[in-house]
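Hi everyone, thanks for coming.

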Amino acid sequence: MASAAPPLLPTSVPAAAPATVLPAAPDAATSIASPDPAATRAFLGRLYDSAKRSLSGARPWPELLDRAALSRPDSLSDATARLRKNLAYFRVNYAALVALSLAVSLLAHPFSLAALLALLAAWCFLYILRPADAAPLAAFGRTFSDRETLGGLIAASVFVVFLTSVGGIIFSALALGAAVVCAHGAFRVPEDLFLDEVPDQGLVGNGATLNLLSFINGAAGGGGRV
């Protein structure tokens, strides 16, 4: 007698439960709030206005570069007196020359320029332009308060400026610019200058300097950081 055939097993596979899609979690390594666009525009606007007001007090460059007005000083006291008068009269032009010396030196050293730009970007995005209601900075599995962020930025600035070649390049450029200014101020005869305009321009120059120093504070106030 033939044996009975084994029972057939069901071949249908039960449908799998639909997978639950979880929202993407923020990057655990670093969480940085985007800067407030209004604060960024205010920052750039104040920077442009302050630079424009400061440069508006510059003397005509042909007057600064007049070779006929150059002569050797008779003594050290004469050179000092000339330098004092020329600094009061050409101070905006001299500041532009020092800035030009610094810019040329940085352009000749791309690594130093990149380091300074990265440091400036860190200050802008992590502190100056950071929104007031932004969450604390989260990086590498922990959060940092505003005071800790500020301390880190200061430490990074000290490291970049004083412990790398960036500081030497900056100080060398400033020293070169100061040497050029002192040489020109000592050899430029100031008798043909309208020195009676210097006190009035001094008030304007001081106001422009105050505006230049305070625009960051105003822009930071617009972004919520003081």
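So, among contacts in the protein between residues at least 6 apart in sequence, what percentage join residues at least 24 apart? The figure is 85%, with a contact meaning heavy atoms within 4.5 Å.

Before going on, a word on where this comes from. This is a predicted model, where local features need pLDDT of at least 70, side-chain atom pairs count only at pLDDT 80 or more, and totals for chains, interfaces and linings use all residues. Residues are numbered from 1 along each chain as its sequence is written, and side-chain values use heavy atoms, with hydrogens and water left out.

Okay, the overall picture. The protein has eight helices and three strands; these are DSSP runs numbered from the N terminus, H or I with at least four residues for helices, E with at least two for strands. Reading from the N terminus, you get β-α-α-α-α-α-β-β-α-α-α. Of the 226 residues, 27% are buried. Buried here is under 20% relative accessible area, exposed is over 50%, and partly exposed is in between, using a 1.4 Å probe and protein chains only. The protein exposes about 14900 Å², and carbon and sulfur atoms supply 71% of that; the areas come from the Shrake-Rupley method with a 1.4 Å probe, and for residues only the protein chains shown count as cover.

Now let's look at helix α5, residues 110–128. How does α5 sit against helix α6, residues 146–162? They pack at an angle of about 170°, with axes 11 Å apart, so α5 is roughly antiparallel to α6. The axes are lines fitted to C-alpha atoms, for helices over the stretch in contact, and angles run from 0 to 180 degrees between N-to-C directions. As for the words, under 35 degrees is roughly parallel, over 145 roughly antiparallel, 65 to 115 roughly perpendicular, and the rest oblique. On the α5 side, the contact residues include Leu119, Trp123 and Tyr127, and on the α6 side they include Leu150, Leu153 and Ile154. By class, that's 12 nonpolar, two polar and one charged. Nonpolar covers Ala, Val, Leu, Ile, Met, Phe, Trp, Tyr, Cys and Pro, charged covers Asp, Glu, Lys and Arg, and the others, Gly among them, are polar.

Helix α5 also meets helix α7, residues 165–187. Here the axes come within 10 Å and cross at roughly 100°, which means α5 is roughly perpendicular to α7. Ser112, Ala115 and Leu116 in α5 touch Ser165, Val166, Ile169 and Ile170 in α7. That contact has five nonpolar, two polar and no charged residues.

A few single residues next. Ile128, also in α5, is buried at 11% relative accessible area. Leu174 and Leu100 are 74 residues apart in sequence, yet 9.7 Å apart C-alpha to C-alpha.

Beyond its neighbours within four places in sequence, Asn93 contacts Ala58, Arg59, Trp61 and Leu64.

Last, the cysteines. Cys124 is buried at 10% relative accessibility, while Cys182 is partly exposed at 38%.
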